[in-house]
Amino acid sequence: MPIDIETFEASSEDRLKHNGETNADRVMRFLATYPDQAFTQSEIRDATDVNAGSISVVLSRLEDRGLVRHKGNYWALGEADNVAAYTSMVESTRAANDRFGEEDMDEWLEHAVDDEATE
């Protein structure tokens, strides 16, 4: 799928390498492919191409949200209800972006209310 030149120029190489997919998205997609298995952090890192310095943080944040489970040296997909809610949110966001285009955070910030100015 092509991207516009502004996105190309403004995006990091890592973001473009993975089509805008976050590290968390890659970890979740990998674990969802093997819902009946648990993996070590290094196995997940190797399978998802997440940087070694980032994988621990990604897994911890996913665990805090109930999307993955951790026991000993192993990590597995979280409880079905939590994962279903996450998947639904990701798909809804993707569908909205496809239909209406992605939000431009800089544009939002340009029009955001400055809390300090309103005090």
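Of the 18 residues that make up the largest nonpolar core, V27, M28, L31, I44 and L62 touch the most other members. A nonpolar core is here a set of buried Ala, Val, Leu, Ile, Met, Phe, Trp, Tyr and Cys residues joined through side-chain atoms within 4.5 Å. Two or more residues come to this core from each of α3 (23–33), α5 (52–64), β3 (74–77) and α6 (80–100). In soluble globular proteins, nonpolar side chains tend to be buried together. The model is a predicted one, in which local features need pLDDT of at least 70 and side-chain atom pairs count only at pLDDT 80 or more, while totals for chains, interfaces and linings use all residues. Residues are numbered from 1 along each chain as its sequence is written, and side-chain values use heavy atoms, with hydrogens and water left out.

Helices (H or I, at least four residues) and strands (E, at least two) are DSSP runs, numbered from the N terminus. Of the 119 residues in the protein, 22% are buried; buried means under 20% relative accessible area, exposed means over 50%, and partly exposed lies in between (1.4 Å probe, protein chains only). Among contacts between residues at least 6 apart in sequence, 45% join residues at least 24 apart, a contact being heavy atoms within 4.5 Å. The protein exposes about 9100 Å², of which carbon and sulfur atoms supply 48%. Accessible areas come from the Shrake-Rupley method with a 1.4 Å probe, and for residues only the protein chains shown count as cover.

Helix α3 deserves a look of its own. Its buried residues are D25, R26, V27, M28, F30 and L31, and what covers them includes β1, α4 (41–48), α5, β2, β3 and α6. L31 touches F39, I44, V68, W75, A76 and L77, not counting residues up to four places away in sequence. D25, also in helix α3, counts as buried because its relative accessibility is 19%. With residues up to four places away in sequence left out, D25 touches Y86 and V90.

The strands come next. They form an open sheet of 3 strands in the order β1-β3-β2, with antiparallel pairing; two strands pair if DSSP finds at least two bridges between them. The edge strands are β1 (39–40) and β2 (68–71), each of which pairs on one side only. Between β2 and β3, which run antiparallel, there are 4 bridges. Here H70 stands opposite W75 in β3, and V68 stands opposite L77 in β3. A hairpin is formed by β2 and β3, with 2 residues between them, and G72 in the turn has a positive phi of about 65 degrees.

A38 counts as partly exposed because its relative accessibility is 38%. Not counting residues up to four places away in sequence, A38 touches Y74, W75 and A76. A38 and V68 are 30 residues apart in sequence, with a C-alpha to C-alpha separation of 9.9 Å in space.

The structure holds 1 salt bridge, defined as a side-chain nitrogen of Lys or Arg within 4 Å of a carboxyl oxygen of Asp or Glu. In this salt bridge the side chains of D46 and R45 meet, at 3.2 Å from N to O. D46 counts as exposed because its relative accessibility is 56%, whereas R45 counts as partly exposed at 26% relative accessibility. Elsewhere, I3, I5 and F8 make a nonpolar surface patch of about 310 Å². Patches are made of residues with over 30% relative accessible area and no salt bridge, with like charges joined within 9 Å and nonpolar side chains (Val, Leu, Ile, Met, Phe, Trp, Tyr) within 5 Å. F8 lies in helix α1 (residues 5–10) and is partly exposed, with a relative accessible area of 44%.
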